[in-house]
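Please keep the sequence and the model in view while reading.

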Amino acid sequence: MIYLNNAATTLQKPGAVIEAVNNCLTEGCANAGRSAYKSALSAARTVFETREAVAAMFGAPDPLRVIYTSGATEALNLAIKGTPQKGDHVIATSMEHNSVLRPLTEAEKDGVETTIVECSKEGLTKAPDIEKAIKQNTKLVICTHASNVTGAIMPIAEIGELCRKRDLLFLVDASQSAGFLDININEMNIDMLAVPGHKSLMGIQGIGMLILSDRANPTELMQGGTGSEASSIIQPETLPDKYESGTLNLPGIVSINAAIKFIDGVGLNKIRAHKRSLTIAFLDSVTDVNGINIHSPISPELTTAIVAMTLNKISSSEFAAILDEKYNICVRAGLHCAPLAHKTIGTYETAVVRFSFGYFNTEEDVKKAIQAVCEISQR
Amino acid sequence: MTEKKARELFDITVIPTPEEITNDCGLTLKFNETDIAKIIEFQKTLSIPADVYFISNKKENGKRKTEKIR
C-alpha cells in the first residue's frame, strides 16, 4: 500500500512514538494530577514536560498556556466559541475548514457577526484583504496557516502583525502546518494556535493543543474535575486547569512528547525538505500531462506537501477508487470538509483528488503514484 | 515547573495536599528541611499563587499543628 493521505492523518508513526505509547499502556497509564503516588506523579511530570516541549516548538513563552484538547477541531471550537460575544465581529478566510466554518455559523446564531474574506483562485489570501474587512466591532481574525485542500500557505506573520497593530485577537489553524512549517506564536503575533497531534506532528489520534498568548483568555467549553480546588464547585480560573476538565489523554500526550523528540532529532528543516522534494518530483511529472489539472500552487514555497488534482475524463471519486483498487494508493477525493475553499478554487462541482505526502513516503512511492496518475488520465 | 525549580534548591517530596491546608485533592511540595528564610525566598520567585505552611509530623490532641507562615 502507498499511503498518500497524510493531510488527513499520518498513518506511519515514528517507532519511538509507538514504543512510548506502548510503554505508557503496558507499564502504567496513571491519572495525572489526581494523586501523589509514584506513577501518578510520573504521569504529571510527563504531561508538564510535554507542555514545555510543545511551548518550545511553537515559541510559546508559557507552558501553562498550552491547553490539551482532543484535536485541532476541539481547539478551534474552544477558541471560536469562547472568544467573540454577541455583537462582536469575526473575520475568516474562504479557505477555512468546516472546523472553523461550522462553529462560526453556530456563533452567528448567538449574535456574532462574521465576514468571510475571499481568497485567490489558488487559495491564497493577502493581509490587505483582511484589513479591508476590519470593522469597529471586529474582535477576532481566523486564518488557516495552510489550506487542507490545495496546501496554499497563508502569510500568517503579515496578518499577525496587522492584527496586533489593530488590537485584534488572531487565531491560526495549524492543522496542515504544525510539524511542517516553522511556527513561532510570539514572532508571528498569534494569540491562539490550534494544533492537531496526529498529522505532521506524527503523534496518535485524539490529542491536540490550543496554545494561548497572554492576550487570549477564551471562556472554557466544559466544566468538571481538574484535580485542583476540589472544595469549590466553581471552575478554577488557573491555567491550564480552567480548560482541562476530566482525565487527560495520557497515551496521546506521551505520543506528542515522543513525536516532538523525533522531529527535533531529525530536524524540521530536513523533514520539510524531504516532503517538498517528493511534492516537487510529483508535480514536475504530472503538471504538463494532457488531461490533468493541478489546483495547488505550483511554486513549492507557496504550498505544503499537498497536490490537489482533477482529471478531464474521470470524476474525482472514480479516480480515487481506481487508485485504491488497481494501484493500492490511498488518497482522498471529495470536498475535504472545506466547501468554501472548493468554491474559491472552482472545484465545488467536480471535487478534487488530494495527494498529500508524508515523512515516511519514498521516491519510489512517488514514482508509482506518477505512473498510476498518468495511466488513469489517459484512459 | 515549580517542582523542577524546587528540586534544584531543596530536598523535597511531592505529597497529596494535607487536609489541614485544604481538602482539595491537589499536590503539595513538602520541604524536608527547615531553612524557612530560604523557602520564603523561593516562594517569592514563583509566578503562581503559593502559600508556605508549617505542619507538624505528629498529631497533638487529634490534630497536627498547622501554621501559615506566608
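## The second largest pocket

The second largest pocket holds about 380 Å³ of space. Its lining is made up of 18 residues, and those closest to the centre are A20(A), C24(A), S42(A), T46(A) and V254(A). Three elements of chain A each give two or more residues to this lining: α1 (15–27), α2 (38–57) and α7 (250–266). The largest share, six residues, is that of α7(A).

Sorted by class, the lining of this pocket comprises nine nonpolar, six polar and three charged residues. The model described here is a predicted one.

## Salt bridges within chain A

Over all chains, the structure contains 17 salt bridges. One of them joins the side chains of K135(A) and E113(A), with a distance of 2.3 Å from N to O. K135(A) belongs to the loop between α5 (127–133) and β5 (138–144) of chain A, while E113(A) belongs to strand β4 (residues 113–117) of chain A; the pair therefore ties together parts that are 22 residues apart in sequence. K135(A) counts as partly exposed because its relative accessibility is 38%, a value between the limits of 20% and 50%. E113(A), with a relative accessible area of 30%, is also partly exposed.

A further salt bridge is formed by the side chains of R166(A) and E131(A), at 3.4 Å from N to O. Here R166(A) is found in the loop between α6 (156–165) and β6 (169–173) of chain A, and E131(A) in helix α5 of chain A, so this pair ties together parts that are 35 residues apart in sequence. R166(A) has a relative accessible area of 40% and is partly exposed. E131(A), at 37% relative accessibility, is likewise partly exposed.

Salt bridges can also be joined into a network: R164(A), D167(A), D191(A) and R215(A) are linked in this way.

## A salt bridge within a helix of chain B

In chain B, the side chains of E3(B) and R7(B) meet in a salt bridge with an N to O distance of 2.9 Å. Both residues lie in helix α1 (residues 2–9) of chain B, where E3(B) and R7(B) are four residues apart, about one turn of the helix.

Which of these two residues is buried, and which is partly exposed? E3(B) is buried because its relative accessible area is 17%, and the limit for buried is under 20%. R7(B), by contrast, has a relative accessible area of 40% and is partly exposed.

Notes: Residues numbered from 1 in each chain as written. Chains lettered and ligands numbered in written order. Predicted model: local features only at pLDDT ≥ 70, side-chain atom pairs only at ≥ 80, totals over all residues. Heavy atoms only, no water. 1 Å grid on protein atoms, 1.4 Å probe; cavity = no way out; pocket = protein on both sides within 12 Å on 5 of 7 lines; lining within 4 Å. Points joined across faces, edges and corners; volume = space filled by probe spheres on them. Nonpolar A, V, L, I, M, F, W, Y, C, P; charged D, E, K, R; others polar. Salt bridge = Lys/Arg side-chain N within 4 Å of Asp/Glu carboxyl O. Buried < 20%, exposed > 50% of the residue type's maximum accessible area, 1.4 Å probe, protein only.
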